Amino acid sequence: MQVLKEIIARWWSEFTLQTKLMAIATLVVSLVMSSLTFWAVNSIQKDAQMNDTRFGRDLGLLLASNVAPLIGEDKLTEVAQFSGRFFNSTSSVRYIIYANEEGHIFFGIPFSQDEVKNSLTIQRKLELPEDYQTHVKTPVVRQHLTPDGIVTDVFVPLFSENQYLGVLAIGINPNPTVVASSNLTRDVTIAVFISIWAMVILGGVFNALTITQPIKELLLGVKNIATGNFKQRIDLPLGGELGELILSFNDMAEILEKYEEQNIEELTAEKAKLETLVSTIADGAILLDSQLKLILVNPAARRMFEWEETHIIGENLLEYLPLEVTQQLQQPLKNISQGEHQEVEKDHNNILPTRGEFTINLNSSNPHTFRILLTQVFDQNRENIKGIVMTVQDITKEAELNEAKSQFISNVSHELRTPLFNIKSFIETLFEYGEDLTEAEKLEFLQTANNETDRLTRLVNDVLDLSRLESSRSYQFSPLDLAQPIEQTLRTYQLNAKDKNIKLIQNIEPSLPPIWGHYDLLLQVFTNLVGNALKFTLDEGSVTIKAYAVQNNPENPSEYSHVRVEITDTGIGIAPEDQEAIFERFFRVENRVHTLEGTGLGLSIVKNIADKHNSQIHLTSEVGVGTTFWFDLQIYQDHRLH
């Protein structure tokens, strides 16, 4: 039973709502028609039963009044003849039976007691109704169902001179008209019932052909529209409301298609703008999905991680990052992709950042320092993470500058501390033990303090000069005759060169064109370079300053591009490993030879002054032979005045 219910329930659930409503409506109509038919047939049968009862009672009383005297006189032959005529003349009578006081049948039509005895040698006894009473003259009526219909049985007591003689049982056939009417009503009801279902089925077929099919087409079209297929159209030759609905649907699809094309063009344009913007920014930009797969990588990021020739779109980021970056970003990226919003997450005893800023050093053949920013990308409601934006900044130069700044401060502090300590020591000695010192010792201490003060002054001046050069301060350039600062420099160092028996040689090309520069800055360049040359040149050596114009076009000897200046000495030279660092601040060759002292800022100042003149300082040197510093200066032209 349960299985049958499940089958019916499954079968019923497969029907559409429209089919279910149609089946229910048909069932209701069928029940109503069946009820009306049942009521009509029942009413007809009740009327027929009442008529048959009334007719049978009257007919029984009539027959009983005629045969009772004959039975009382024992004229059975006449009873039989009269009953036979009565039976033959009335088609409604089904049977006539006479029984005596004990209920034994003594005569009957269409059979008799004698015939029964002769044929079957048995006796029949009439079965009377329970409510039949022998002393009451009122007939008793009952009905029973036969294959031919409902037969009315009438039991009439027989009295003659108030003496009970027996009972007359007469059976009345059903009214043929009523039976025919009932059968007709039943047939009509069945026909109506079948017609209703036939009409419903035909209506369902018609509905499927004319209404359901267009609706299915519309439903399919709506589903295609919902999935983004705006090229969907419905072509059905229908009129009326359905036709208007189909036309409206096609108009809607056409409008949506145009709207989509317009949006696609706008989105494509915006995407192109965004990609252009992302590709032109100096910082690296990487876009990941929630599975850490690469969606977008701009050229800057490809250069930083050397991905120019690698197809990485759609791949997992962690498989392509350098090892140092992967080690620091693996856990934070996974935490962010899993939707964690907190700034940090505790994992046992370790604190793992899930978002924010990371500074990572790459210790490869080409060291770099990167600052990496991770940012979560949420959906419109800021509930679910859609991806991660990874911004990569190359801060290698910034890190180097910070390191250089720290080194500069450390070196300046060290260089200041040494002369200050010496000055303080000698002054304290003079203050505490001045009376115990000789005049010569006092003069020696004062001379040393004075030398240290000069050294401190030079250091402070060099630091100030270097600071001014490295600032954004602008200098006013003018046309210069290069011979003037060269001659002034040589005059300044003439006595120092004479003391060390060093020759100062000036080799300036005649008719040298004027250059475009700053007099004081160039004088400082010559001063530092010549001073260093004298410092590292042994006795009886030489220092030469050479200046000459360089031709730009060999076919036109009168056309010059720039003036080259060379300062050459015959000093101790500079080792190749020192030549790369010679222009760094506080680097001193005497750190290696342990003979001379200096601030270590002179060549840094020279390099910055050369940069101000859009030039570069170069050197060639050989240990034990000598060193040459050279640089180029631009020739003055009229348009450079402004």
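Predicted model: local features only at pLDDT ≥ 70, side-chain atom pairs only at ≥ 80, totals over all residues.
Residues are numbered from 1 along each chain as its sequence is written, and side-chain values use heavy atoms, with hydrogens and water left out. Helices (H or I, at least four residues) and strands (E, at least two) are DSSP runs, numbered from the N terminus.

Helix α13 is mostly covered, since 12 of its 17 residues are buried, where buried means under 20% relative accessible area, exposed means over 50%, and partly exposed lies in between, for a 1.4 Å probe and protein chains only. Among the buried residues of α13 are Leu521, Leu522, Leu523, Phe526, Leu529 and Leu534, and also Gln524 and Asn528. Two packed helices are described by the angle between their axes and the distance between the axes. The axes of helix α11 (residues 483–492) and helix α13 (residues 519–535) come within 9 Å and cross at roughly 40 degrees, which makes α11 oblique to α13. Here the axes are lines fitted to C-alpha atoms, for helices over the stretch in contact, and angles run from 0 to 180 degrees between N-to-C directions; angles under 35 degrees count as roughly parallel, over 145 as roughly antiparallel, 65 to 115 as roughly perpendicular, and the rest as oblique. The crossing of α11 and α13 is right-handed, a crossing being left-handed if the near helix is turned anticlockwise from the far one by less than a right angle, and right-handed if clockwise.

Helix α3 (residues 76–89) can be examined by the length test as well: its 14 residues should span 20 Å at 1.5 Å a residue, and its end C-alpha atoms are 20 Å apart, which agrees. In α3, the residues Val79, Ser83, Gly84, Phe86 and Phe87 are buried. They cover an arc of only 165 degrees around the axis, which puts them on the same side of α3, the arc being that of the directions from the helix axis to the C-beta atoms. An α-helix has 3.6 residues a turn, so residues three or four places apart point the same way. On the other side of α3, Thr77, Arg85, Asn88 and Ser89 are exposed.

Helix α16 (residues 602–612) has eight of its 11 residues buried, so it is largely enclosed by the rest of the structure. The buried residues of α16 include Leu603, Ile605, Val606 and Ile609, together with Ser604 and Asn608. After α16 comes Asn614, whose phi is positive, near 55 degrees. Ser511 likewise has a positive phi, of about 55 degrees, although it is not a glycine; Ser511 lies in the loop between β14 (503–508) and β15 and is exposed, with a relative accessible area of 75%.

Aromatic side chains give another view of the model. Rings of Phe, Tyr and Trp (its six-membered ring) pair if their centres lie within 6.5 Å, with planes under 30 degrees apart counted as stacked, over 60 as edge-to-face, and the rest as tilted. By this rule the count comes to nine aromatic pairs. In one of them the rings of Trp516 and Tyr636 have their centres 5.8 Å apart and their planes at 20 degrees, so the pair is stacked. Trp516 lies in strand β15 (residues 515–517) and Tyr636 in the segment after β19 (626–634), so the pair ties together parts that are 120 residues apart in sequence. Trp516 is buried, with a relative accessible area of 14%. Elsewhere, Tyr98, Phe106 and Phe107 form one aromatic cluster.

Finally, some contacts join positions separated in sequence. Val93, found in strand β1 (residues 93–99), counts as buried at 4% relative accessibility, and Val93 and Ile172 are 79 residues apart in sequence and 4.7 Å apart in space, C-alpha to C-alpha.

How values were computed
Expected span 1.5 Å × (residues − 1).
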